[in-house]
Amino acid sequence: MVTNLSFEDLSKNCERSITKMSDAEALAHIGRLIDDAFDASFERGAKRALYLLDELSKRKLVDSDGALVEYFRANAWAARSHIAKVRLSWSWAAPELEAELLALSRASNHAGFASLDKVRQCQILTNHANLLSLVGRPIDAVAAWDSALKIIPNFAMARGNRGCGLKGYAGMVVDNRERAILALHAFDALRSTMAEDAFHDSVDPRAALAYFANEATELASTVNIDAVREMQDLDRGNEGRSRTERAYRNWCLEHRLFLCPLNDLGPHLAAAIDNLMLPPLIEGLNERPNGHLPPPIVGFFSQMKQEYTSARFTLFEGVSSTRIHFSDRGVALTDTLDYPLYSLASERIRMAFRIAYSLLDKVAFLVYRYWALGKVPDRINFKNVWMVEDKARLLPQFEERDNLPLRGLFWLSKELFDDQLKQTTAADARELHGIRNALEHTYLRVSEGWAKPFTINGANNDGFGIAIGSDELEAKAIRVMQMARSALFYVSFAIGVEERKKQLANPNQLIGSMPLYSLDDRRKRRDPC
């Protein structure tokens, strides 16, 4: 679409002040400014819109307008990235995309989000998901599209873009069966945009429909859709032996915490398994000592999986406990009159948060070792492993590296906050960072969730630690657990991309194979000696 406004008209609109406008009038003016800037590739208009949004946000806005300010801010940054052709570039460093992601995260987490009309809510969530998918984070994108579809189940743009995202996700998966099932669900999502009940939020959806139809046709030409539909059988799997195990598995499925790609399609029993593994690895005969043993990263990845699954169960125990544990009896504690929560169950939630957060740093260590970055290992964390040491500058080997899941892992790291690298793309990054630091080094004061409005909001705690409600801590722990899950997937997929590059670079090279054996579950019993 091209705007009919002349350059003079565009410039004149930029000069308008919002000082005497009402909040609604100001938002309408800024919205037109952004649309015109996008359509005419008029960068000055997008910059002016960002300035006016900063000015408008200084007013005492109602919550819904506050959420709209963040949504419009995201659209202004989208206009700037469109003008600069950022989305067409493979460059990992993209400040415009960072700013757009942060604004969309703030919009969807804003107190006024729930009071926006349902279509606007779906637009915010869908745009957020689209951007996550663009930077290489299909797992997180699918979750955001599904959030939109919970609000309006037939929202066409969420359906179609979810189909595109699942198609990309399928391309990362190694297992043939899982890849085919993801492709099937991608096809169904794409085709559903053409259904009679599909809701289109644009006046003319023909271009989008044509794109989705082409993507569906391309999938149908490479996947036997009918055969995959017949064999998928998503409702058959290990439901557990005991009532507790069944409750645990259902909880994991509902929160998408199993290390199985099929869990991202929903709480299907077939996904109740942690079958994510590293791809086959290629090494030279004399590349390392003890070459008769599997590469060390194989054991390291297994250790990370064990830590993840153990932390996941610890979290489940913490959030589902309704009894006083015998270890809590007779422990003398002081009632500080702010409804403090002290118990083994509460500690389990704290432990799960800490373990999940630490796994992100261990993924960074795996990146350091596999990609031979040459940094000092004890100074590496998930936020800085990508950067030139002591600089906020991307390492040269990552700047335009053709590895989408690795880029996705890099963009996932941007959801964290760091005292040196403060730029982030998540609204709650500082909060997660603060909770982690309080858990590890200072004081996290947890109060019973129901009492939070009466205790935490009105207490300054004299700057002594951080105060949080138990329900909020549970939600944050689940969020960090989901981030750790995504990181394990992306690093495995990224290594797979590099290993395939090795094979393509040396197609005639003779390669022997070394089988790896699964560890028998009976070996997981603690040796009493």
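**Side-chain packing and pairing in the predicted model**

Leaving aside neighbours within four places in sequence, Val-367 is in contact with Ala-372, Leu-373, Val-385, Trp-386, Phe-398, Leu-409 and Val-491. The model is a predicted one. Val-367 belongs to the largest nonpolar core, which holds 148 residues. Within this core, Val-367, Phe-382, Trp-386, Phe-398 and Leu-409 touch the most other members. Helix H18, residues 470-505, supplies the largest share of the core, with 15 residues. In soluble globular proteins, nonpolar side chains tend to be buried together.

Aromatic rings were examined next. The whole structure contains 20 aromatic pairs. In one of them, the ring centres of Trp-92 and Phe-410 lie 5.5 Å apart. Their planes meet at 25 degrees, so this pair counts as stacked. The two residues come from distant parts of the chain, 318 residues apart. Trp-92 sits in the loop between helix H4 (63-83) and helix H5 (95-109), whereas Phe-410 sits in helix H15 (residues 404-413). Both Trp-92 and Phe-410 are buried. A further stacked pair is formed by Phe-353 and Tyr-357, with centres 6.0 Å apart and planes at 25 degrees.

Arg-407 lies over the face of Trp-90, 4.3 Å from the ring centre.

Charged side chains also pair with one another. The count of salt bridges is 36. Arg-87 and Glu-100 form one of them, at 2.9 Å from N to O. Arg-87 lies in the loop between H4 and H5, and Glu-100 lies in helix H5, 13 residues apart. Arg-87 is partly exposed, with a relative accessible area of 34%. Glu-100 is buried, at 5%.

Arg-249 and Glu-245 meet in a salt bridge at 3.1 Å, N to O. Both lie in helix H12 (residues 243-254), four residues apart. Arg-249 is buried, at 14% relative accessible area, while Glu-245 is partly exposed, at 23%. Glu-307 and Lys-362 form another salt bridge, with their closest N and O atoms 2.8 Å apart. This bridge links helix H13 (residues 296-320), which holds Glu-307, to helix H14, which holds Lys-362. The partners are 55 residues apart in the chain. Glu-307 is buried, at 16%, and Lys-362 is partly exposed, at 27%. Salt bridges that share partners join Arg-137, Asp-140, Glu-415, Asp-428, Glu-431, Lys-476 and Arg-479 into one network.

The count of disulfides is zero. Cys-164 is in no disulfide, and the nearest cysteine sulfur, in Cys-122, is 17 Å away. Cys-164 is buried, at 18% relative accessibility. For Cys-252, the closest cysteine sulfur is that of Cys-260, at 12 Å, which is too far for a bond. Cys-252 is buried as well, at 0%.

Val-223 lies in the loop between helix H10 (206-222) and helix H11 (225-231). This valine is buried, at 16% relative accessibility. Not counting residues up to four places away in sequence, Val-223 touches Ala-183 and Val-228. The C-alpha atoms of Val-223 and Leu-68 are separated by 41 Å, and the two residues are 155 residues apart along the chain.

Notes:
Residues numbered from 1 in each chain as written. Predicted model: local features only at pLDDT ≥ 70, side-chain atom pairs only at ≥ 80, totals over all residues. Heavy atoms only, no water. Core = buried A, V, L, I, M, F, W, Y, C linked by side-chain atoms within 4.5 Å. Buried < 20%, exposed > 50% of the residue type's maximum accessible area, 1.4 Å probe, protein only. Contact = heavy atoms within 4.5 Å. Phe/Tyr/Trp six-rings, centres within 6.5 Å; stacked < 30°, edge-to-face > 60°. Lys NZ or Arg CZ within 6 Å of the ring centre and 35° of its normal. Disulfide = S-S within 2.5 Å. Salt bridge = Lys/Arg side-chain N within 4 Å of Asp/Glu carboxyl O.
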